[in-house]
Amino acid sequence: MIVERLAGKRIAVTGATGFLGTALVERLLRCVPDCELVLVVRPGWRGAAERVRRDVLRNDAFDRLRSAPAGGAGSESFEQMTGRRVRAVAGDVGRDGLGLDEAGRSLLADCDVVIHAAAAVSFDSALDDAVEVNMLGPVRVAEAMRAAASAAHLISVSTCYVAGSRRGAAPEQLVDQSPFFVDVDWRGEVDSARRARTDAEQASRTPERLAALAREARRELGAAGTPALTAKVESLRRRWVDRQMSEAGRARAASLGFPDAYAFTKALGERALVETRGEVPVSIVRPSIIESALTEPKPGWIRGFRMAEPVIAAYARGLLKEFPGVPEGIIDVIPVDLVVSTILAVAARGPAGDEPDVTQIASGAANPLRYGQLVDLVREWFIDHPVYDDRNQPIGVPEWSFPGRGRVSAQLQRAQRALGAADRVLASLPLRGRRAELRAKVEEQSDQLQRANGYVELYGAYTECEAVFGLDRLMETWDRADPADRADFCFDPRVIDWSHYVCGVHLPSMVRRARLKMAPGAASAEPRPVRLRRQVLDPERHLAVFDLENTLIASNVVASYSWLATRHLDSGERARFVARTLREAPRLLALDRRDRSDFLRYFYRRFEGAPVDRLDADGREMLSDLLMVKSFPAGIRRIRQHRRMGHRTLLITGALDLVVEPLRPLFDDIIAAEMGADGGAYDGRLVSAPPTGEARYQTLADYTAAHGLDLGQSVAYADSTSDLPMLEAVGFPVAVNPETKLASLARRRGWLIEHWSPSAGAPAKRLPIAPRPSRATGSRGSPRPPRLSRTA
Amino acid sequence: MASDRRPRPPRPGLVLDVDRSTPPVLFHHGEGFRLHRLPPGRSRVIYPAEPLPGLADPDGAITEALLNPIGEDPLPSLLRPGMKLTIAFDDLSLPLPPMRRPDVRQRVIEQVLDMAAAAGVDDVHLIAALALHRRMTDDELRHALGDRVFDAFSPIGALYNHDAEDPDQMVELGRTDQDELVTMNRRAAESDLLVYVNINLVAMDGGWKSTATGLADYRALRHHHNVATMVNSRSFMDRHRSELHHSNWRQGAVIRRHGPRVFQIETTVNNNTFGRTGPLAALQKREWEWSARDRASFVAMQAGLKAMPAAARRRAFGSWLAPYELTSVQAGEVEAVHERTTDNVLAQHLVPVEGQTDVLTMGLPYICPYNVNSVMNPILVMCLGLGYFFNLYRGRPLVREGGVVIMSHPTAWEFHPVHHPSYIDFFEQVLASTTDPAEIEAKYEEQFATDEWYIHLYRTSHAYHGVHPFYMWYWGAHALQWLGRVIVVGGEPRAVRRLGFQPASTLDDALEMAADVVGPSPTVTHLHNPPIVMADVT
């Protein structure tokens with residue numbers, strides 16, 4: 001009956017790029033051969049048609065259809081079939097009139113059914129976003145239909161949780177018919193949500209807030225230079241506003257008895273739709289928590305990482321030790337294919353009358369899945385199919401004791417505070433390389449905890465929800481359905497065998513999608529660093545640019561200065577020099593942290609009056625005594641590999657040119673700090689701004705422009721966030737022995753991280769003090785009196 | 001009465017059959033030592049000869065040799081005003097360990113310079129004939145030549161290291177009858193007289209190898225520093241059966257025809273490596289003859305070494321200067337001089353040994369020719385064991401074909417970044433792909449030998465030439481081809497495996513592993529070296 005009734009119909013769908021929308025489109029194309037679809041999607045920069053092709057039709061849901069296209073003509077390909085039956089229309093439920101153009105409006109006018117499945121489903125979406133999409137979305141769709149004089153049947157997808165957080169029966173009735181509904185003016189909520197955005201934007205711009213954000217940016221990036229810091233402050237500010245808005249949504253929802261802003265805005269959305277629909281016939285379909293498919297288009301099919309997955313994955317990895325909930329509570333999930341069938345059954349049935357009708361599709365009333373049962377199933381499955389850790393050991397899953405939400409939250413927050421403190425300590429230490437990774441690890445754990453805490457906050461309300469969603473209208477429709485429909489469009493929640501669904505369908509597909517490591521042994525794919533290294537050493541690259549200090553050698557300008565300065569001192573002077581330099585060290589370090597180029601300018605003054613010839617000669621000697629001793633052989637090898645690949649190699653360093661001169665054979669070009677000279681002696685002033693921080697980025701940009709090289713095809717090696725502008729500018733950034741801040745940035749951005757160290761076996765050199773030129777030792781000399789005269 | 005007080009004459013080397021009463025045997029083990037019991041009834045230990053007496057008047061002997069050379073006119077008669085005189089001398093790789101002052105080179109060169117001064121020669125250059133070795137530092141030159149020579153010649157640029165990569169300072173002298181190129185340091189080649197001062201520590205040293213190798217460059221060295229030559233040198237310590245030496249001698253013939261007149265001075269030192277008395281004296285004694293004091297000082301030394309950090313241990317060993325004594329000095333025509341020198345070397349080193357063994361054990365010491373004041377990296381461990389120690393034979397190898405060598409050495413994954421940069425890359429890249437000498441030679445040698453960065457470091461820093469690690473590997477090519485297995489006791493497993501060898505934690509484990517190759521209850525021979533012993537295997 002469903003196929004016959006929908007045959008030849010034109011059906012509009014919003015939200016086709018979402019989980020439910022994609023399943024809906026697939027089922028209509030596959031099972032209702034004669035219908036046509038109008039997909040209203042946000043066009044993005046590619047345009048609506050391309051978006052539909054990429055984001056909808058390429059999904060693996062269509063694999064079945066692609067291999068055996070439906071629609072009669074056996075020779076018709078999937079592309080031909082979709083080209084014939086699917087129209088893409090650019091539109092946005094977040095904009096008045098849906099942002100439709102003339103053609104879109106006329107397509108909509110010709111539709112027989114409109115299924116509104118677009119929603120902002122994220123549980124932490126900003127209040128105003130949720131209001132625009134969930135509350136005003138249905139209103140706008142109905143309005144657009146009225147404007148187009150459409151007589152189509154509007155099916156608006158909502159959620160069972162519009163019933164709010166409560167116990168007991170929640171029947172299929174309009175929200176305002178519920179005795180528990182607190183009537184609020186939805187228009188007032190829209191206004192206040194929009195105002196909240198303005199207020200938050202305002203609050204984010206107060207001097208105090210901006211100063212705090214600047215401090216945070218600095219803490220994260222260090223001395224990265226003004227452009228990088230300002231960009232960071234702005235992105236932090238936006239994030240702050242979003243957090244404020246998300247918080248505002250949660251608070252407003254809670255105040256009205258909803259688990260989150262999603263349920264709250266959906267509830268008022270239903271109310272607004274009913275109020276403003278005019279003549280448009282409306283049916284509301286309310287699913288509970290939609291989960292992976294039971295059978296259609298294939299068992300376990302799902303789109304996006306949804307709802308329970310992050311929680312289960314975190315549990316399987318042993319990260320989530322506790323999760324709140326009542327073991328006998330009902331966790332109301334419903335496979336997506338049952339929801340699709342329900343919507344199609346409602347569409348086939350047509351409007352129920354003049355008044356809007358509500359159909360709920362949930363499992364709790366007919367075939368409840370208890371929370372305790374779910375946890376047991378998941379636990380047993382993971383005991384049989386453990387996730388393996390990096391060392392190929394199976395991870396044991398914890399046993400949950402079903403504590404209350406408050407206790408879990410408190411536990412998590414305590415752990416997070418401890419990690420936060422650890423993170424602050426680590427961040428303030430001058431760590432590098434593998435030790436800096438320690439902070440990355442703490443940070444990762446902290447991220448995970450934060451996520452876990454988020455789950456507890458968000459899902460906790462759902463697991464504790466004890467409402468039982470009535471299914472009278474659904475079951476009535478089911479009872480009336482003919483056997484063919486029952487077979488092809490099953491929406492009876494009683495068919496679900498939970499143990500089979502959880503263990504045989506949902507978890508196997510989930511672990512595949514979450515890429516959990518389910519077998520010991522080497523990772524199937526090539527390890528990421530190996531792949532990144534190959535990309536870096538690809539012949540296609542143009543240029544490899546290197547920083548010097550801590551990237552190629554474990555040394556710095558202070559060390560090379562003190563080497564040069566002590567080269568001609570006697571031992572007493574040496575001791576005094578060392579003492580003086582050590583006294584100064586903290587101040588120098590602080591200055592260096594604040595601003596590299598100021599530090600260099602200040603520091604290089606010390607070379608004032610140094611004789612050019614002697615310093616240059618000593619610089620050559622320093623190659624053996626300091627640079628090579630402190631060098632990272634793997635780094636030197638990497639430069640040479642680049643050269644063999646035919647890449648140009650470039651050294652950009654704040655070190656003095658005379659210091660790096662002996663490294664010239666490694667590089668096509670060297671850009672270093674250069675000191676002015678005055679009559680055979682250096683004047684201690686830099687000829688131009690030292691190439692550090694943004695200056696380094698500019699230097700690199702100028703260099704690539706001058707040589708016709710592509711920054712996108714360049715590789716940059718550096719160790720510190722002061723090099724961030726340069727690293728961000730190139731196509732292939734490499735963090736070498738990164739200090740803590742860069743380590744965490746590189747980890748998050750997926751950059752190649754190299755740990756290069758000086759050669760084991762290098763002479764231990766605690767202080768960078770030069771050996772004195774060879775001098776007579778006098779003792780143990782010739783046994784005879786000297787009668788040697790040099791014969792010149 | 002007087003004759004009673006004379007020290008007893010040194011005893012020759014010894015082959016000891018191990019029985020149940022034999023005490024544990026000393027194995028050198030890098031910067032440390034180990035004592036191992038060898039399986040009784042089927043093991044033997046080859047002990048070096050005790051140090052021959054040094055010359056009572058070394059300076060007098062040198063004068064005598066210079067004034068009465070073999071097959072050549074007395075040195076003073078070859079010197080005249082206005083002539084170009086070049087004195088080339090062996091580099092840091094000799095002797096091992098470095099000797100106490102005055103070094104033999106200092107004694108000889110001071111006298112040569114005296115004679116030159118007396119003859120009014122004023123164009124004198126001194127060149128460290130280091131071929132592709134690292135440049136010696138000023139302190140090292142000063143130690144080898146003494147303060148007076150160094151201070152007189154270094155500041156005016158007349159004392160320096162050979163630079164085989166300076167295209168302007170190398171000349172081609174011609175080609176041998178087998179088309180081998182002969183090159184030489186320009187200053188040496190264009191001199192009226194080239195005096196070469198040798199320290200012939202082992203039988204491989206000296207002869208035409210001094211000038212044909214020490215003052216040449218890569219283009220000339222590649223004719224004999226290659227896998228084919230090394231596999232056909234059986235051994236390279238036996239000049240008459242060494243393809244390495246045949247090639248050098250052919251190049252020597254070209255030098256004789258087209259090069260400078262060469263006045264060769266060769267010297268030998270005795271086996272007094274660790275001192276007859278003093279903290280290390282036990283190391284050159286036979287274990288069952290250790291006195292209570294030897295035992296106590298050995299135990300104390302072991303405890304001290306154990307307590308020391310690695311760097312301190314390295315410094316302690318590195319500071320040891322051998323109290324070598326001069327045993328002979330020969331001067332004059334290269335080949336005639338070399339025959340006599342070799343006899344003198346062998347008189348100290350050669351020990352007759354009957355029959356080969358299934359398993360040869362050796363304790364590798366902390367030093368080899370290429371890590372003076374440096375680090376014994378894994379490649380040098382291979383070269384010392386399979387190159388130098390394995391080849392310390394005359395007649396046939398000590399170990400039978402298909403036999404096993406067990407070496408004891410920590411074999412740390414450590415490299416000196418200044419001295420051995422190309423070794424690091426050789427180890428990380430070349431050995432990671434293959435350990436076969438012929439394949440290595442064919443695939444990688446050219447690339448490393450002509451690498452501009454290595455050449456830059458060889459010329460301006462103190463790095464061995466880029467191709468040098470290849471030579472180290474070729475040095476062991478004969479042994480690699482000959483042996484069934486190589487096991488390293490107490491080595492860092494990762495590094496040992498990279499070398500293509502097998503790691504074992506104890507000697508017993510190693511012997512067990514060796515039995516897989518050579519069968520159960522194999523015969524074992526331990527080469528108790530250093531002090532140096534060379535087996536005359538019949």
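A residue is called buried if 20 or more other C-beta atoms, placed from the backbone, lie within 10 Å of its own, exposed if 12 or fewer do, and partly exposed in between. The model is predicted: local features need pLDDT of at least 70 and side-chain atom pairs count only at pLDDT 80 or more, whereas totals for chains, interfaces and linings use all residues. Residues are numbered from 1 along each chain as its sequence is written, and chains are lettered from A in the order in which they are written.

**View 1. The fold of chain B.** Of the 538 residues of chain B, 59% count as buried. Chain B holds 22 helices and 20 strands (DSSP runs, numbered from the N terminus: H or I of at least four residues for helices, E of at least two for strands). The C-alpha trace spans about 70 × 70 × 45 Å along the principal axes of chain B.

**View 2. Helix α14 of chain A.** This helix covers residues 371-384. Buried in α14(A) are A:Tyr371, A:Leu374, A:Val378, A:Trp381 and A:Phe382. Seen down the helix axis, these buried residues fall within an arc of 100 degrees (taken from the directions from the axis to the C-beta atoms), so they line one face of α14(A). The face turned away from the buried side carries the exposed A:Ile383 and A:Asp384.

**View 3. The contact between chains A and B.** Chain B gives 39 residues to the contact and chain A gives 33 residues (two residues are in contact if their C-beta atoms, placed from the backbone, lie within 7 Å). On the side of chain B that touches chain A, the largest share, six residues, comes from α4(B).

Notes: Expected span 1.5 Å × (residues − 1).
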